[in-house]
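Visitor: I would like to learn how to read the features of this model. Where do we begin?

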Amino acid sequence: MRSRILLVPVLASVLFPAFQCERSSLPRHESITAEEFLHHVKILASDEFEGRRAGTRGARMAAEYVADEFKRYGLKRVGDARSYFQQFEFTADLQLGSENFLSLVIQNDSSRFLPQHDFMPLSFSENGIFTAEAAFVGYGISAPDLNYDDYEDIDVEGKVVLALRFTPEGDNPHSEFNRFAALRRKAVTARERGARAIIFVTGPLDIEAGEEDTPSRLRVDYAGGRGGIIAVRAKKKVTEDLFTPMGITLREVQTFLNTEKKPKSFVIPDSKATVSVELIERKATSANVVGLLEGNDRSLKDEVVIVGAHYDHLGFGGQGSMVPGTVAIHNGADDNASGTAGLLELAQLFAARRSDLKRSLLFIAFGGEEEGLLGSGHYVKYPIVPLEKTVAMVNMDMIGRPKDSSLIVYGAGTSPLWYELIQKTGGAVNFQLKLNEEGFGPSDHASFYGKNMPVLFFFTGLHEDYHRPTDDWQKIQSEDAQRIVQYVHDLVFAITNRTERPLFTKVEISPRPAAGDTRSLRAYVGTIPDFSESGRGYKIGGVAAGSPADRAGIKAGDLMVKFGGKEILNIYDYTYALQEFKPGDEVKVVVVRDGEELNMRVTLERRSR
């Protein structure tokens, strides 16, 4: 659990210093203009802001820019220590500690290997040191439905296991084995069989086919957490001597596995392996930028409508980038300087007509969206205005590059009021509206919908520059974006000044396959993950209405700790456990709610194609 961070003004100024950013020389308008919209995009998506990766200098500059604009408009400071910032801490990356080493003893001959050069811990590895007899477990795959199980005739309880990367059919995405190829899944399988540490190595046949024999790069997995086992990836040379006493080579063993599609696992005689891992989490601070416009109706001013957009992006690339090997500034003009520019234009216009507002408006530029909705997840846990006083959340993400004059609106089914308002205010927008009823989706509104709040999310779709260094301001269609922001303004104004509060509707959705291999998620449960929560277990951020999870009584905020008898340490454990069941199966699930373990039974459904 994250604890709320209370900061004095001096500390706030240290974490978010007053960076000198270009300030607008444009005249202030009491209207939304394409010129001002593009001006904001140019600044936020400039190289000076270095891609705005959460926790970096560039993101702090962007947050300061938004805060300065809020100040210009006269928005009220309602963040930490009466600032515009609501700060939160997150794990930004992983670093090697001093206790990382690997040693092998074969028939009294010992070798010691060093991190980075010979091996690297995997990001999901537990910290610790473990020494035991070594065992080779082939590809580390247990797939009874494919008549293949590397653990069928071997006991690895309390041992260090050595496993090959990939599968008996190589790195083939179309192979039936592919769903078992992930190193995390293999580590979970080893953990479930009682192994205490696992060493992964690239086989000789894979190296000959062009796969790299290099230690993996250490990178934080924002969603995953630790895997319950010490895990490293080593170069092939590290493990070659393990096979010498038996008069065989790793190449010969791999050739048998690939040719026969049969396991060949064995305990390595007279062996002892020591695996030591120390990973240090580097914490960083990001912030939501918040500003309040108070309404004027005595009976309604305590209620708020939240208008939001995330300001962060991917920095110099890396995790999240569609070109992960490229080190270059990802300026994120559309994603999401465009939504942030729209937020600023709305804040300026509503501030100019604040006397017309009945309810209050809370403007939030969220941080850490790209790392898993961290900012919005933090806000709904520590709301500035009580959630019961929040009547709706309106979100903008990638609104700068519409295709074929179309505008996608998510959340249309989350209140019975929305269709009426969308049609009433949409006549002048001159866009083809594509309505999607669902409240969950890949942006910050999902955090609010998970708290049973009506939401609307405006989005113009993905494009070829998505999460690439080429998402630059020159490609923004500012006149189209201006019309979208004007439309959002009209909707927000109608919600804010309507006497009746919008009712909330939980949308029943048809199950459908996730992106990727549809075979790997044949059964459907209906839980939505909470990526802003760290710690053991699978934290549930929401439950789809009418889903198997909903009917079983699982709720947002529950912590799943067992699924089908398997221990669940993180979302990956849950995913792999689910893959072992089929539609129609009744599965025993254990969740923790308010400190109490609850046993439930979920009947799985089939994902529609």
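Guide: Start with pairing. Two strands pair if DSSP finds at least two bridges between them. Helices (H or I, at least four residues) and strands (E, at least two) are themselves DSSP runs, numbered from the N terminus. Here S6 and S14 pair in the antiparallel sense, over 5 bridges.

Visitor: What should I know about the model and its numbering?

Guide: The model is predicted: local features need pLDDT of at least 70, side-chain atom pairs count only at pLDDT 80 or more, and totals for chains, interfaces and linings use all residues. Residues are numbered from 1 along each chain as its sequence is written, and side-chain values use heavy atoms, with hydrogens and water left out.

Visitor: In what order do the strands of the open sheet of 4 strands lie?

Guide: The order is S4-S3-S14-S6, with antiparallel pairing. S4 and strand S6 (128-132) are the edges; each has a single partner strand, so one side of each is left without a neighbour in the sheet. Angles run from 0 to 180 degrees between N-to-C directions, and axes are lines fitted to C-alpha atoms, for helices over the stretch in contact. Neighbouring strands of this sheet are turned by 5° against each other on average, direction ignored.

Visitor: Over how many bridges do strand S3 and strand S14 pair?

Guide: Strand S3 (residues 101-106) and strand S14 (residues 271-277) pair over 6 bridges, in the antiparallel sense. Ile106 has Ser271 in S14 as its bridge partner. Ser103 stands opposite Thr274 in S14.

Visitor: Is S14 mostly covered or mostly exposed?

Guide: First the scale. Buried means under 20% relative accessible area, exposed over 50%, partly exposed in between (1.4 Å probe, protein chains only). S14 is mostly covered, with 6 of its 7 residues buried.

Visitor: Which order does the open sheet of 6 strands have?

Guide: This sheet reads S5-S12-S11-S10-S7-S13, and its pairing is mixed. S5 and strand S13 (266-267) are the edge strands, each pairing on one side only. Inside the sheet, strand S11 (residues 197-201) and strand S12 (residues 230-234) run parallel, joined by 5 bridges. Ile198 faces Ala231 in S12. Contact means heavy atoms within 4.5 Å. Helix H4 (residues 183-192) lies across strand S10 (160-164) and S11, at about 145° to S11.

Visitor: How do I read a nonpolar core?

Guide: In soluble globular proteins, nonpolar side chains tend to be buried together. A nonpolar core is a set of buried Ala, Val, Leu, Ile, Met, Phe, Trp, Tyr and Cys residues joined through side-chain atoms within 4.5 Å. The largest one here has 65 residues. Those with the most contacts inside it include Phe70, Val289 and Phe458. Helix H8 (residues 333-352) gives this core its largest share, 10 residues. A second, separate core has 39 residues, among them Ala132, Ala134, Phe180 and Ile230.

Visitor: Which residues does Phe70 touch?

Guide: Leaving out residues up to four places away in sequence, its contacts include Leu75, Tyr84, Val289, Leu343 and Phe363.

Visitor: How far apart are Tyr65 and Val289, in sequence and in space?

Guide: They are 224 residues apart in sequence and 9.8 Å apart in space, C-alpha to C-alpha. Tyr65 sits in helix H3 (residues 57-73). Tyr65 is buried, at 0% relative accessible area.

Visitor: How many salt bridges are there?

Guide: A salt bridge is a side-chain nitrogen of Lys or Arg within 4 Å of a carboxyl oxygen of Asp or Glu. By this rule the count is 32. One of them joins Lys237 and Asp118, at 3.4 Å from N to O.

Visitor: Which parts does the pair of Lys237 and Asp118 tie together?

Guide: Lys237 lies in helix H6 (residues 236-239), and Asp118 in the loop between strand S4 (109-113) and strand S5 (119-121), so the pair ties together parts that are 119 residues apart in sequence. Lys237 is partly exposed at 43% relative accessible area, whereas Asp118 is buried at 6%.

Visitor: What other salt bridges can I look up?

Guide: Glu500 is partly exposed at 48%, and Arg498 is partly exposed at 26%. Asp585 and Lys582 also meet in a salt bridge, at 3.3 Å. Finally, Glu192, Arg193, Lys566 and Glu580 are linked in a network of salt bridges.
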